[in-house]
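Student: I would like to learn how to read the contacts between chains in a model like this one. Could we go through them feature by feature?

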Number of protein chains: 4
Amino acid sequence: MSSFFKNQLEQFQEKNQNRGRLLVSCPDQPGIVAAISQFLFSYNANIIESNQYSTNPEGGRFFIRIEFECPSLKDKAKDMKQQFVEIAAQFSMEWSFRPVFEVKRTAIFVSKELHCLLELLWEWQSGDLLTDIALVISNHEEARDVVEGLNIPFYYIPANKDIRAEVEAKQLQLLKEHDIDVIVLARYMQILTPNFVAANPNKIINIHHSFLPAFIGARPYERAYSRGVKLIGATSHYVTNDLDEGPIIEQDIARVDHRSNVEALKKIGRSIERSVLARAVKWHLEDRVIVHQNKTIVF
Amino acid sequence: MSSFFKNQLEQFQEKNQNRGRLLVSCPDQPGIVAAISQFLFSYNANIIESNQYSTNPEGGRFFIRIEFECPSLKDKAKDMKQQFVEIAAQFSMEWSFRPVFEVKRTAIFVSKELHCLLELLWEWQSGDLLTDIALVISNHEEARDVVEGLNIPFYYIPANKDIRAEVEAKQLQLLKEHDIDVIVLARYMQILTPNFVAANPNKIINIHHSFLPAFIGARPYERAYSRGVKLIGATSHYVTNDLDEGPIIEQDIARVDHRSNVEALKKIGRSIERSVLARAVKWHLEDRVIVHQNKTIVF
Amino acid sequence: MSSFFKNQLEQFQEKNQNRGRLLVSCPDQPGIVAAISQFLFSYNANIIESNQYSTNPEGGRFFIRIEFECPSLKDKAKDMKQQFVEIAAQFSMEWSFRPVFEVKRTAIFVSKELHCLLELLWEWQSGDLLTDIALVISNHEEARDVVEGLNIPFYYIPANKDIRAEVEAKQLQLLKEHDIDVIVLARYMQILTPNFVAANPNKIINIHHSFLPAFIGARPYERAYSRGVKLIGATSHYVTNDLDEGPIIEQDIARVDHRSNVEALKKIGRSIERSVLARAVKWHLEDRVIVHQNKTIVF
Amino acid sequence: MSSFFKNQLEQFQEKNQNRGRLLVSCPDQPGIVAAISQFLFSYNANIIESNQYSTNPEGGRFFIRIEFECPSLKDKAKDMKQQFVEIAAQFSMEWSFRPVFEVKRTAIFVSKELHCLLELLWEWQSGDLLTDIALVISNHEEARDVVEGLNIPFYYIPANKDIRAEVEAKQLQLLKEHDIDVIVLARYMQILTPNFVAANPNKIINIHHSFLPAFIGARPYERAYSRGVKLIGATSHYVTNDLDEGPIIEQDIARVDHRSNVEALKKIGRSIERSVLARAVKWHLEDRVIVHQNKTIVF
């Protein structure tokens, strides 16, 4: 870890020593908010931000994200987690309870095009992307200098479809060694196997260079050009086994016209890809995203 | 009331007979959400949507909007309101508790340019703006036909700065007779006196044809043209005694270029004014807006 | 023709009595602009606006749109057209030369959902859509009142796939009788046969309720909901025999989130459909669109 | 000059060896386009892109930008410039004739906040901003490492209002030595004197962190927060002696809400500032901007 980031991290942890986040989804019924808020109040926690959504008032599913300040959270966190188990059982909740000072650990995968990686590193350096970037893995050498220049470990693992199994074995080993919470595919141009995906459910965030479901698959800018669209876009989504079909976290577009050839579309598109991926990763790191039935609720 | 709207209204009230909304703002402290949600649970109410915001975890102000389903709300509403007084006192709350079937009553003021009025009437006819438009008041006759064609009472009250007191006396009398909750200035080109404004705090919604605070006051499109801006906009805000300085509810912009003369800017602008005002009115009607220190929280 | 529109039309024609437009596309080579501008100058015409685009400097295709003022255009127009034939032959041009006072004649097709029709009628009434709306054809009765209220002929022609041939025969007959230049499908929910399309090349403008090529075909909002997209859109395009595959004129999008159910998506979408179709029709009427290889150049 | 950029530059110059641009503004009259296009044709130049605009068909001003391919432009350029003087005189033109291979030389001024500088350097490295960045001048040391790391000369010139004259004398001397065409103020937080501005008319591009004319002057984000706007923006403009009143080149905005405190507004704003300034500089470098009466025509 670079001393620069170490310093930044310590400031962040100091500032957020009492800040926690609770994410819950469960079958809807009266009394859920009452139970949760009573629970938090019993620890003298103050709810700072709360967002709730129900798919359907009758027989639907309930989702909530709560951010709270709790004095001496460090000392209480373990106990709170244990105590919450009872409420969770009562309402059949899926849930996560996370003190904000437990910063998530991220791995970035990248190939030859570096713009998405650079955007993430930039946001990270300016303190807007609070995560410990534990390593960068690439099937090319292009990113090495910039990554190592920031004291982040860089692993060059050549990849192609014939050696996919060995490659992923190495990658999974590294992810395990570095205790990774989030994997960001920042224009990593290799397909992941079901084995790799299954090992990391709702933990792999990809950027696809089109506004999905338009232009699923390869060469979206070439196909956008050939179709004569007036908007191009980018989509960030969790990776599932169906190519480009995972839950969408964020999308955005830019206006183009007849003067834009494929090269121009790519340039314009890079700027959208950068900001869409950065927003998606940020929201994931802030525990703002819940996946439900191949869709996301973003609070 | 037109039979068309009467029918639409009845359907809406039937569908929302158990739906209520609670808006609260108060000094922040632990336990507020617990108290409110416990209160709702005690009536077997199910929270459908909830949004909360605190200006500052320590010593700040707390805001919440809750939408809930409560069986037999019609029978319970009066009692709930009375019981909530106690909680409100405990936390020094400003609050409103409103069953959704108590549809708000709206007055629209308009002058010669009808596009904003027409947009509101259109949304109203298509069921997207659920309010009882009780009357339209104008200092011109242009709107009479379209308003009366929808069986909405139309009052022509000529106005100018010399007779402002008498004009407003008539208007206030009409507002009282029609028991009005909301006043929408849909391009009403007369200045209101402090007396009129004071009688309707946070109840008058205006549309200003610029992205405030740029081009406060008269002739914003002419001044936008002369300044050579590349964006024009519109702003919807609550009316206070400071011209164009009231709390902003919504703003939007459109891109323009050197080819747009003043007439073209006005055409483009009309489309933004229409949608910005319609959104602001809709949010107000849905109790989504809280005013705090000359700003709005829009949930 | 309503007396209202007749009056508006006369003003427009008076104001534009000397205004003309020239659209050209041809193989690129040096000297084209020189030849065209020399030609216009020889009639003492002043170029007001000119836009040009070449697909490729070497061996590509050249496109230009020129708007000019020419004294006594009414008297000269016929001669200018004849004289231009020679230049056109020299450079193998496809071209159109059109005095602006020769206002285009439009037919609007609509089914049960009226929002796109209403937007067009609105823009037309406010003078922003300068065309003679010669008739409205519908397979339902919903639009009759509003259309006839504006003194526009309304034809109710029930339609379904079993009687398509007879229906289209009637429609083509009406289009011929009314000497129609442009056909706007303002949410007309019937598929046109190749016969009908072939009779009206690059003259039929459709609005599709998705950002194509996403959600080609039926029920796009339902599919957008089910896919969990964060943007919905609309596309206006010329109709060809490939469903939703014709040259795109304009597209736009709006942001949505997890709270929007199908009904909410449709409401948000209606507003985009309205503005996208209105822009596309306006550009077509102003001779701003050239079709080339299933794409549009919009000047 | 870094060897990296030297290589990139040579490729660009090779590719654009026959590409030229002509910018003209003059009183409008028939025959201008004919004269210009005949002139270009006489050198066998092929017009690739052309945009024209007239403020008013009668007695207005005419503006045109033409991009052309001309075989052996290198050999002809000097002669073309001389010959064009005659046409220019005939029509009282202000004009510039510039072969694209004559790449402009840019100076960037920056203070402590580096995001705009970094964006420009990034675009420059990826080949999207074709200019020779000849030097960076700063009143702080923050930017030194990144600038010198790219082999661009960095000059640290401390500045404050008491030593403005000496500081500007040094700066003007450096600009002269480096033969600078364009000065970009990439968040340079010092006011320039009329003397400095007069020495560089329409050559200094600034980024202001608000959508002008809103929040002219200091601390725009603080004032945006305090006003409770729902949109924040950035404006790039040429610098004149009236603070933040120069001709606007480009503006853009982002949506914000009540949750954004000043710090959050600044973060969101940085992203807009980056892209707005980059677009404005790019357009200036491509000779797309003409200044007329304190406004810009952007072709």
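Student: How many salt bridges are counted between chain B and chain A?

Tutor: A salt bridge here is a side-chain nitrogen of Lys or Arg within 4 Å of a carboxyl oxygen of Asp or Glu, and between chain B and chain A the count is zero. Please keep in mind that this is a predicted model, in which local features need pLDDT of at least 70 and side-chain atom pairs count only at pLDDT 80 or more, while totals for chains, interfaces and linings use all residues. Residues are numbered from 1 along each chain as its sequence is written, chains are lettered from A and ligands numbered from 1 in the order in which they are written, and side-chain values use heavy atoms, with hydrogens and water left out.

Student: What area do chain B and chain A bury between them?

Tutor: The size of an interface is often given as the accessible area lost when the parts come together. With a 1.4 Å probe and a sum over both parts, chain B and chain A bury about 1,800 Å², 53% of it on carbon and sulfur atoms. The contact (heavy atoms within 4.5 Å) takes 23 residues from chain B and 23 residues from chain A.

Student: Which strands pair between chain A and chain B?

Tutor: Helices (H or I, at least four residues) and strands (E, at least two) are DSSP runs, numbered from the N terminus, and two strands pair if DSSP finds at least two bridges between them. Strand S2 (residues 46-54) of chain A pairs with S2(B) in the antiparallel sense over five bridges, and Ser50(A) stands opposite Gln52(B).

Student: How many salt bridges lie across the interface of chain B and chain D?

Tutor: By the rule already given, there are six salt bridges across that interface, including one in which the side chains of Arg227(D) and Glu245(B) meet at 3.7 Å, N to O. The area buried between chain B and chain D is about 2,700 Å², with 53% from carbon and sulfur atoms, and in chain B the residues Arg227(B), Lys230(B) and His258(B) lose the most area to chain D, together 27% of what that side buries.

Student: Why does the pair of Trp122(B) and Trp122(C) join two chains?

Tutor: Rings of Phe, Tyr and Trp (its six-membered ring) pair if their centres lie within 6.5 Å, and planes under 30 degrees apart count as stacked, over 60 as edge-to-face and the rest as tilted. The structure holds 32 aromatic pairs over all chains; among them, Trp122(B) and Trp122(C) form a tilted pair, 5.4 Å centre to centre with 40° between the planes. Trp122(B) lies in helix H4 (residues 115-125) of chain B and Trp122(C) in helix H4 (residues 115-125) of chain C, so the pair joins two chains.

Terms used
Buried area is the accessible area (1.4 Å probe) that two parts lose on being put together, summed over both.
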